[in-house]
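Please walk me through this protein chain, from its overall make-up down to single residues. Running paragraphs will do.

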Amino acid sequence: PSIGAEERERVFREHDLLILLSLTEISPHGALEARAAGLPVLLTAETGLSQELTHGMLLRRLRTPAEIILALEEVMANYAALVRGAAEALPPRTFRDVAADHRTLFHALLR
């Protein structure tokens, strides 16, 4: 179910980690929102996010219980660094940047 912005922010403040146990996450909006709010994220390695956007996230293969346990142990061992990474500002990305990336992509596709 969908929740409002205030409720989402409250949930993020009340928790220590967002865990998304999907097989794939091509565009994980929840992970991006949590990261933007300063909440560390454990996310499948099968994602469409750039390396810049995954700072403050731990991306690992999460297909089996053993893989999930190993990833959680890694989170616990490196939690302070994940929190620091999640607290850092995201790189600025303007509409002009997005438009330029699309233009580059479309030119490459037309070649």
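A contact here means heavy atoms within 4.5 Å. Among contacts in the chain between residues at least 6 apart in sequence, 37% join residues at least 24 apart. The model is a predicted one, in which local features need pLDDT of at least 70 and side-chain atom pairs count only at pLDDT 80 or more, while totals for chains, interfaces and linings use all residues. Residues are numbered from 1 along each chain as its sequence is written, and side-chain values use heavy atoms, with hydrogens and water left out.

The chain has five helices and three strands; these are DSSP runs numbered from the N terminus, with helices being H or I of at least four residues and strands E of at least two. Read from the N terminus, the order of elements is α-β-α-β-β-α-α-α. Along the principal axes, the C-alpha atoms fill a box of roughly 45 × 35 × 30 Å.

The strands come next. Two strands are taken to pair if DSSP finds at least two bridges between them. Strand 1 (residues 18-20) pairs with strand 2 (residues 41-44) in the parallel sense, over three bridges, and within this pairing I19 has L42 of strand 2 as its bridge partner. Strand 2 also runs parallel to strand 3 (residues 57-60), to which four bridges join it; here V41 stands opposite M57 of strand 3. In a regular strand the side chains alternate between the two faces of the sheet.

Strand 1, helix 2 (residues 29-36) and strand 2 form a right-handed β-α-β unit. Right-handed means that, with the strands pointing away from the viewer, the path from the first strand over the helix to the second runs clockwise.

Now to burial. A residue is buried under 20% relative accessible area, exposed over 50% and partly exposed in between (1.4 Å probe, protein chains only). Of the 111 residues of the chain, 26% count as buried. One of the residues to look at is L62, in the loop between strand 3 and helix 3 (65-77). Why does L62 count as buried? Its relative accessibility is 4%, so L62 falls in that class. Not counting residues up to four places away in sequence, L62 touches L20, L21, L42, L43, T44, E67, I68 and A71. L62 and L23 are 39 residues apart along the chain, and their C-alpha atoms are separated by 6.9 Å.

Two residues of the loop between helix 4 (79-87) and helix 5 (95-110) can be taken together, one of them being E88 and another R93. E88 counts as partly exposed because its relative accessibility is 43%. Leaving aside neighbours within four places in sequence, E88 is in contact with R35 and H55. R93 and A45 are 48 residues apart in sequence and 23 Å apart in space, C-alpha to C-alpha.

E73 lies in helix 3 and is partly exposed, with a relative accessible area of 43%. Between E73 and R103, which are 30 residues apart in sequence, the C-alpha to C-alpha distance is 42 Å.
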